[in-house]
Amino acid sequence: MPTLSSVKPPERCPHCNAGAAKLTSRGVRKKKLEIVHLFRCRSCGRSFTPGPRALRNKTFPLPEILEALTLYNRGYSLSEAAARLSSRHGHAVNPATISRWLTERLRLITYRRLRARGRTLFPPAPLIRTLKLYHRQVYEFSYHRAKLAFLRDGTLDDKRTTTAHSSARLAGLADFIETVPATCPHGLFRREVGARGSKLDAGFLALEKIVVVEKQNAATATAALVLPTVGTNYERHPKLQRFMLANDSTTIA
C-alpha cells in the first residue's frame, strides 16, 4: 500500500526559481509505491512534486533509491541489497534495478571504484564506525574504516604516487581520527560559556560584508539529491553526512 512520503517543502519552484512565498500546497498524488505532495507556483502557474527532476518519474521512492546506493557501497552485493530493501519496505526490488540506479548516479558515488578493495578489509556492518559524543547535546561521530586505511597507506586516490613524507603525514591524520573518541577534550564542549560559536554575540559577524560565491560541484549535487528526502531541518545535516560518508571517495569522517 502506498505511504505518504515525508519530505521537506521545496524552497524554490523548479520551473521559474520563485521563492517559497510563491508556493502553495495542492494536495497529494498517488503513485504505485508512495503518495507524494503536490505544490503549485503562483508565479508561473505550474504544479510539481518536490525532489530532483531526474527522479520525479521513478516508480520507487527517492529515499529507497538512496538507501540502495548506500547498502551497495557499504559492501552488500546487489542481491543482498535487494533482499534487505524488499524485507524492510514490503515490496520486491530487483537487483538489476539497483544496478541501473548505480549507473545513473556514478558521478556522486565515487566510492564505488574503491569498494572492491574496501570489501577485502571490512565486512559491511563494521565498515563505518559510529560513536556518540555527549557535548551538552548528543553528537554522532562516524568514520569510514576502509577510507581511513587507504588514507594511511597513501592510496585513497587509487594512485600509488604518494611520497613517503606525505604518506607519513596522512597516516598521522588517520591515527588522529581514530583516537578522537578517546582523546577529544570533552570538557571544553560541556562548559556553559564560551565553548560554542553559536553562543557568540550576534554582532560578532558583519553579515552585510559577507560575500557568498555560489559553486556547483559534486558536493552541491549530492546535497540537491539527498536534502529533498529530509522532512525536518534537524535531520538535514546528519542525513547528508551519512550518505556522503558511505558513497563518495573523499568524506572520511
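Mentor: Contact here means heavy atoms within 4.5 Å. In this predicted model, L66, L69, T70 and N73 of α1 meet F243, A246 and N247 of α8. By class, this contact has four nonpolar, three polar and no charged residues (Ala, Val, Leu, Ile, Met, Phe, Trp, Tyr, Cys and Pro count as nonpolar, Asp, Glu, Lys and Arg as charged, the others, Gly among them, as polar). Helix α1 covers residues 62–73 and helix α8 residues 233–247; helices are DSSP runs (H or I) of at least four residues and strands (E) of at least two, numbered from the N terminus. Their axes come within 8 Å and cross at roughly 40 degrees, with axes fitted to C-alpha atoms over the stretch in contact and angles running from 0 to 180 degrees between N-to-C directions. The two helices are therefore oblique to each other, as angles under 35 degrees count as roughly parallel, over 145 as roughly antiparallel, 65 to 115 as roughly perpendicular and the rest as oblique.

The loop between β4 (47–48) and α1 holds F60. The rings of F60 and W101 have centres 5.3 Å apart and planes at 75 degrees, so this pair is edge-to-face (centres within 6.5 Å; planes under 30 degrees apart are stacked, over 60 edge-to-face, the rest tilted). W101 belongs to helix α3 (residues 95–104), and the pair links distant parts of the chain, 41 residues apart. Both F60 and W101 are buried, that is, under 20% relative accessible area, with over 50% exposed and partly exposed in between (1.4 Å probe, protein chains only).

Residues are numbered from 1 along each chain as its sequence is written. Local features need pLDDT of at least 70 and side-chain atom pairs 80 or more, while totals for chains, interfaces and linings use all residues, and side-chain values use heavy atoms, without hydrogens and water.

How values were computed
Rings of Phe, Tyr and Trp (its six-membered ring) pair if their centres lie within 6.5 Å; planes under 30 degrees apart count as stacked, over 60 as edge-to-face and the rest as tilted.
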